[in-house]
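Please read this briefing with the structure open beside it.

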Amino acid sequence: MIDFELTDEQRAAVDMAHDFALNELRPIAEEWDKKGEFPADLILPKAAQAGLTSAGIPEEYGGGGLDPLTAAMVFEELAWGCAGLTTSIGANNLATAPIQIAGTEEQKQKWLTRLCDEKNPKLAGFCLTEPEAGSDVSSIKTTAKADGDGFILNGQKCFITNGGISDVYTVFAQTDNGLSGFIVDGNAEGVSMGRHEDKLGIRASHTAEVFFENVKIPKEDMLGEPGSAFVTVMQTLDQTRAGVAALAVGVARAAFEEANAYAKERVQFGSPIMVNQAISFMLADMLINIEAGRRLYYYAGWLANRMVETGKASRRLTVASSISKAFCGDMAMKVTTDAVQVLGGYGYMKDYPVEKYMRDAKIMQIYEGTAQIQRYVLAVSLNGIKEVKQ
Ligand code: COS
């Protein structure tokens, strides 16, 4: 059955996230966007207190226990407040997904629990991307060489959200058997932060290189079977891409609201510019695309819930999550660009937030798989698709 009502739990989570976005994120968004830094000391304790840094971690390990769909709904609200701050707060969700997918019970107890201490909030980072391995996951050069009772990790990761300021990293490296996953203590000797990136958008998130130099990893911190990490990464992204789509919807929504309000107030040629169909149709198109994007990520999130419940990967989820990410990323870019257009010269100035929304939206077409990679995933699936039935 299809039901478009949120459950009581979802309503409560969404309302809480909206209040947090309104009262905690929006008031500081502009300042930290300008500074280009994540104000960890300021916002992390509040986010942890509200359960946002551990929202997707099951309750039995101390987390909020939100399923992927409800977590995505929460991210939509937070991104409405500030997509940059949300990216750093939400990175724990991405970084811990591989532990939830491939980790043992002991690993979950040890590492997930550590990230759920509200009084001592901690960040986690997902270390996949390297200077020469972004879309092409198999070409990762970081190595983990077997050494006695564990491994020695060496390599360089880049564009890592919360890189260098995280307590826990999930790291993907080449071993004798292929790509393997590891959980790495951020305080271990040999883990260091490289360049802190100066970005176009989501500037209030922290993005940096992470270096691993002869880092000793005990064998019990390997994630899953040796050589099994490619599939773990794919399943992680299947599960989290709806969350990025939701972020994109949140940014687009914020831009739409600003443009809609402006169009009612701005008078030119004796009338509010809203009376021109050139403007009102643009706003109507924004609304159509925001609503369409939201339904797409709801569906992908719903399928992700099923993956979590059954523990089984599904081609349907891969396709749905790529569709939602591709559509919502492109949609957010278009909606935010149109919002700048509605505000005209004012939209181009930093006095209004729409230029920030436009800068923030661009990353939605890039991170967690570019718009082109999503289409590649879909193109590969075409072989198995004969008809597009319900
Ligand atoms: N779930 C489970 N298994 C999957 C899977 C998925 N979603 N996608 C692929 N696999 C499996 C395949 O079944 C295949 O298994 P077998 O070798 O047993 O047949 C294996 O993984 C390799 O799959 P494939 O041949 O499709 O891999 P490719 O090298 O062609 O790469 C893409 C596929 C491009 C889709 C992948 O590299 C990708 O998603 N890249 C983007 C990564 C990304 O998003 N980077 C951004 C940084 S993340 S912050």
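**Domains and model**

The chain falls into three parts: domain 1 (8-116), domain 2 (124-223) and domain 3 (229-384), with bounds that come from an automatic or database domain assignment. This is a predicted model, in which local features need pLDDT of at least 70 and side-chain atom pairs count only at pLDDT 80 or more, while totals for chains, interfaces and linings use all residues. Residues are numbered from 1 along each chain as its sequence is written, and side-chain values use heavy atoms, with hydrogens and water left out.

- The centres of domain 2 and domain 3, taken over C-alpha atoms, are 29 Å apart.
- Domain 2 puts 13 residues into the contact and domain 3 puts in 12 residues; contact means heavy atoms within 4.5 Å.

**Nonpolar cores**

- A nonpolar core is a set of buried Ala, Val, Leu, Ile, Met, Phe, Trp, Tyr and Cys residues joined through side-chain atoms within 4.5 Å.
- Buried means under 20% relative accessible area, exposed means over 50%, and partly exposed is in between (1.4 Å probe, protein chains only).
- The largest nonpolar core has 74 residues, of which L25, Y297 and V342 touch the most other members.
- At least two residues of this core come from each of α1 (8-35), α2 (40-49), α3 (68-81), α4 (83-102), α6 (229-265), α7 (277-310), α8 (315-348) and α9 (354-362).
- Helices (H or I, at least four residues) and strands (E, at least two) are DSSP runs, numbered from the N terminus.
- With 15 residues, α6 gives the most to this core.
- Domain 1 (8-116) and domain 3 (229-384) each supply at least three residues of this core.
- Another core lies apart from this one and has 24 residues, among them W111, A124, F126 and L179.
- Leaving out residues up to four places away in sequence, L25 touches F20, I43, L78, G81, C82, L85, T86 and I89.

**Helix pairs**

- Two packed helices are described by the angle between their axes and the distance between the axes.
- Axes are lines fitted to C-alpha atoms, for helices over the stretch in contact, and angles run from 0 to 180 degrees between N-to-C directions.
- Angles under 35 degrees count as roughly parallel, over 145 as roughly antiparallel, 65 to 115 as roughly perpendicular and the rest as oblique.
- A crossing is left-handed if the near helix is turned anticlockwise from the far one by less than a right angle, and right-handed if clockwise.
- α1 and α3 pack with their axes 7 Å apart, at an angle of about 25°. α1 is therefore roughly parallel to α3.
- The crossing of α1 past α3 is right-handed. Residues of α1 in this contact include A17, F20 and L25, and those of α3 include M73, L78 and W80.
- The axes of α6 and α8 lie 8 Å apart, and the two helices pack at an angle of about 20°. α6 is therefore roughly parallel to α8.
- α6 passes α8 in a crossing that is left-handed.

**Helix α9**

- Is α9 mostly buried or exposed? Seven of its nine residues are buried, so α9 is largely enclosed by the rest of the structure.
- The buried residues of α9 are V354, E355, K356, Y357, R359, D360 and A361, and they pack against α1, α4, α6 and α8.
- The axes of α8 and α9 come within 8 Å and cross at roughly 155°. α8 is therefore roughly antiparallel to α9.
- α8 passes α9 in a left-handed crossing. Residues including M333, V340 and Y348 in α8 meet residues including V354, Y357 and A361 in α9.

**Single residues**

- N260 lies in helix α6 and counts as buried, at 17% relative accessibility. Not counting residues up to four places away in sequence, N260 touches M274 and L283.
- F159, in strand β3 (residues 150-161), has a phi near 55°, a positive value in a residue other than glycine. F159 counts as exposed, at 54% relative accessibility.
- N214, in strand β7 (residues 207-218), is not a glycine but has a positive phi of about 50°.
- H196 is in strand β6 (residues 191-196) and counts as partly exposed, at 33% relative accessibility. Apart from neighbours within four places in sequence, H196 is in contact with G36, E37, H206, T207 and A208.
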